[in-house]
Amino acid sequence: MAETENSSPEIFIPDEWSKAAEAITKNSNSSNPPSVFVCGPKNSGKTTFSRHLLNVLLQRYSKVAYLDTDVGQTEFTPPGLLSLTVVDKVTPDLTIPCLKTPDRCFFFGDISSKRNPTAYLTCIFSLYDHYRKEYYMKCTTDSQDSAGLPLVINTPGWVKGIGYEILVDMLKYVSPTHVVKICISSKIKNLPAGAFWLDEGNIDKVTVIEINSARRDHLKRSLLVHKDSRHLRDLRVMAYFRQCFPSEMNISTIKELARALAAHPPYEISISSIKIKHIHCEVPKTETFYSLNATIVGLAVSSGVSDQLPHCVGLGIVRGIDTFKGLLYVISPVPQQTLEDVDLLLQGFIPIPTCLLQIQGCISPYLSANVLSTN
Amino acid sequence: MESLLLGFKEPQQDDVVEEKSHSFKLVPWISWEEWNFVKTSFFSSSPDSINSALQRISTWRSRGCIPVVIDVTASIIEIQQKDPFFRDDLSEGALQSQEMLSMLYCMAIMRLVNGVVEKTRKKTVISIGEAANAIGIPRMLIDIRHEGSHRDLPSLQLVRLASTKALDWLKSYYWEPQEKAIPVNQTANRRKEIKCRLRELAVSLKAKQITRSSSLQVKGKRVRQMEHLHGHNKFLFLMAGKTSHCKTTGSKKQALDSSDFTEHTMESEIGHEKQQTVYDDWKSVVLKLSNKEPELLLNLLNAVLEKIETQEEIMRCKIGEHHNLDNFAKSCQIELLAYLFEWLVGNLKTVYPVSHKEPTECEDSLAESNLPKETLRRLLRKCLVLSCPGNEKLMDSALVLAQMTGDSSLLCKLKKMASLWVSNSNISKENSVVSHSVILLSEQEDSIRQAEEQFKLIRHRQMNGTDVKPTDSNVEVNSRWVVTKSWKPCPIGLLPHNLGFSGRLPVLDCNDKPREAQKVSDSKAPWERNQCGKRDADCPIEELDSAFIKKVKENEAVCESYDKDDTPSEGVMGRLMVDGVWKKVTEEELLPIASAIRLLV
């Protein structure tokens, strides 16, 4: 099995990593697809490794399922969403992420699980259950293609305190076949050694692979690539809304995108035909429009059963509210047919990138000059 | 839906864009008025207003960018509202225990110190105490924070005292300095100044006219003329300065309040001046201003149309009360207004030459060099609705506007209508009074038919010519999510304005009751219904029809009143030929006839 050529010059896949990926792939067969849980501290390389692992798995399997649990740095969706995506194409360049339509998606509404760990776990468990139901139980006598799909689970880099507890809960529920722990040289920051989430008796069922982060300096200290995560999130949101326009349209700078969005005719939906829910905080009913105007909302389809989580089809920007006409104006790249089912707007804490609000001569009123900085 | 996340070309340069040394920050309030409302409510003594401010704060918190000082102020005030020490009218059931209250206060003070001080210091360089001193926080608050997190809970009396001190300090540290930094006063002053100047100019022009019409001493005239010129130049200079200033702060519209302007132009010709030369002086002013401020023309046009509308309304209402003279004066005013309108439209044409660009292509959608067709169509519609038959000037202006839209068939239709009206007015002049009303009615019929056809055409064209994806008409009717048919670019958070790209502030208050009422009506018509008042641009065909019905009715009313007012020898005046016999018909009987005509049409 040939290794994927490394066509991304800045990404360095050490031998240890490729061996780990190979090991996972080789030792599995189609009736027992691997489920791989990737974890480790911040900036250790989890996302890069999982992308590499996806590519390797795709050489053997036609499709691989990807459960994205890192709400702050999502892989195939804009931030704030928890999703299960079925990938069937190899990513040629590991530096450029792609936007894909997930198979199932929930709007978590925040860039960290901190605000509501219970809801976070509920969504993830629901996504995993969906994977089991749809993509795992088909093994028996079918050909390789319709066998169970392997699953790759990416996690956030929060490995201490509440984050640790959340990881343990996830591991206990999912019971993956492989756990890949990426370690950095500063030992206190790593996860505990071994199968830290399991009690004594069950260690045999899982393979724990510990690998080190990719780069080290001459003193063998890990060199971590620090990312401006807020900026990356903004870029991702902007790339998501760039999809509102046809790809032939020449928009290559942020300013052009902002202008185009301000001029783009939005969808109008009457206020009485949509429900609005503020997920993480309580807003009095009379103030709901003050809260919604010029924010990012999740577009969701409420399910018939009351305790089932509403499915999210994408994000939208509420760009204006006309109370006289009773209309909400929403910009969204979601296609109109899919939108027809949407009857629920979910508001969370996904910040709207300020560069989208800042157009020369057309500045949003929520961007204000003369604000005293109390720093 | 799969797409590559292409990097945008400006990676990390513009985190904070500097515009004239102002850096912009995301805030949860839509205007400084909202901020002011919260401030005054917080520091007032009425629990109700405090409550409304607290509600607004919870909304701001949901937006995620609330400044920590505001958050903390709100927390402290909220706790004080639950404390019987600060509020005498608390009911017995709502009391918290002393322990709870001290915990609440303590937490709020901790958040205050951490939130405000922690951001200002580098952790290893200076201690919290030193950093706090630098800002001027009362020492008591620092101590309480320390005590509360490392030792026992401080007593309620102590934390109550501390809360008052904290509020006073917050007022002096944030609320009052921020209020001073708000630029509100500047725009208000500017407006006052401009109004003042306009008035001066109006006075001097009026004086000029008086000296012109009544030939006084030559010397006096010259002095006044010089004064006038001086004022004129000063005014223009000032306006030029103000507009360039205003552009960056985005308060162009407020600064040039066009209704103000038209007020002054109206005042300048009140009374006996029927000549149209009165406008000549103002014309040069308008020209110069419109060079700097291209939106001024559009604003003026709209304002003039509104004036005409109101004058007509007044005329209609006053019919029967006053004698003809007043009416006559009013109709003269309308004439003058129409003349002004025509001249403005002529100017508009020179400023925006007819372009042959496709409506869908608009590369730089915010550039104002190309007057959008939408605006023209709206103006045209309004003009046609207003022009009473026989008002040639408005008709001509309408023709010019139609020409500017570049729509040749529309132009044809309008020309036909114009010729019809001309013949109509000719007929009404020539014929005897006998068949006056009858013929008028039949001509009205024709013109209504034509107009209705024509507006159907405009609407049809609009629907086809916009960017809406061609969907099934059935789907369009039933779908809830519909792409807006016509959209003007405007900042995110605002609603599009009829003219220009600055947008208008939305009204975001909502009550539950009207919404429920809306639900009932909306369930019948799932797509949007136009419930707006006059200022709304989108004018569905039903509204126009009713406008025309109004015209028919009012013309009948006019006829009737004229007949009443004239000599009592009636003959067949004021009668309608019904079933071959001249009958006198009342208003109520006319209404069903009018609606019947509509049905025929």
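Predicted model: local features only at pLDDT ≥ 70, side-chain atom pairs only at ≥ 80, totals over all residues.
Colleague: What about contacts in chain B between residues 24 or more positions apart?

Modeller: Take the contacts in chain B with a separation of 6 or more. Residues 24 or more positions apart make up 68% of them.

Colleague: New topic, the two chains together. What is the area buried between chain A and chain B?

Modeller: It is about 8300 Å². Carbon and sulfur atoms give 58% of that.

Colleague: Why quote an area at all?

Modeller: Because the size of an interface is often given as the accessible area lost when the parts come together.

Colleague: How many residues does the contact take from each chain?

Modeller: Chain A gives 93 residues and chain B gives 76.

Colleague: How many salt bridges does the rule find across the interface of chain A and chain B?

Modeller: One. B:Arg56 and A:Glu287 form a salt bridge, with N to O at 2.6 Å.

Colleague: Which residues are linked with A:Glu287 in a network of salt bridges?

Modeller: B:Glu34 and B:Arg56. Look at the pair inside chain B. The closest N and O atoms of B:Arg56 and B:Glu34 are 3.3 Å apart, in a salt bridge. B:Arg56 sits in helix H2 (residues 47-63) of chain B and B:Glu34 in helix H1 (residues 32-42), so this pair ties together parts that are 22 residues apart in sequence.

Colleague: Does that pair sit in the open, or: is B:Arg56 buried or exposed?

Modeller: B:Arg56 is buried, at 6% relative accessibility. B:Glu34 is buried too, at 8%.

Colleague: Which residue forms a salt bridge with B:Lys39?

Modeller: B:Glu179, with the closest N and O atoms 3.2 Å apart. B:Glu179 lies in helix H7 (residues 156-181) of chain B and B:Lys39 in helix H1, so they tie together parts that are 140 residues apart in sequence. B:Lys39 is buried, with a relative accessible area of 12%. B:Glu179 is partly exposed, at 33%.

Colleague: Over to chain A. Which side chain does A:Lys181 meet in a salt bridge?

Modeller: That of A:Glu210, at 2.9 Å from N to O. A:Lys181 is in strand S7 (residues 178-183) and A:Glu210 in strand S8 (residues 207-212), both of chain A, so the pair ties together parts 29 residues apart in sequence. A:Lys181 counts as buried, at 2% relative accessibility. A:Glu210 counts as partly exposed, at 38%.

Colleague: How many salt bridges are there over all chains?

Modeller: Nine.

Colleague: Why is helix H6 of chain A called largely enclosed?

Modeller: Because seven of its 10 residues, in the stretch 254-263, are buried. Among them are A:Ile254, A:Leu257 and A:Leu261.

Colleague: What covers the buried residues of H6(A)?

Modeller: The cover includes helix H5 (229-242), strand S12 (311-322), strand S13 (327-331) and helix H9 (354-357) of chain A.

Colleague: Back to chain B. Where does B:Arg145 lie?

Modeller: In helix H6 (residues 139-150) of chain B. B:Arg145 is buried, with a relative accessible area of 17%. Leaving out residues up to four places away in sequence, B:Arg145 touches B:Met110, B:Val113, B:Asn114 and B:Ile128.

Colleague: Last one. Where is the place of B:Leu399?

Modeller: In helix H16 (residues 392-405) of chain B. B:Leu399 is buried, at 18%. B:Lys415 is 16 residues apart from B:Leu399 along the chain, and their C-alpha atoms are separated by 7.2 Å.

How values were computed. Residues numbered from 1 in each chain as written. Chains lettered and ligands numbered in written order. Heavy atoms only, no water. Salt bridge = Lys/Arg side-chain N within 4 Å of Asp/Glu carboxyl O. Helix = DSSP H or I, 4+ residues; strand = E, 2+ residues; numbered from the N terminus. Buried < 20%, exposed > 50% of the residue type's maximum accessible area, 1.4 Å probe, protein only. Contact = heavy atoms within 4.5 Å. Buried area = accessible area lost by both parts, 1.4 Å probe.
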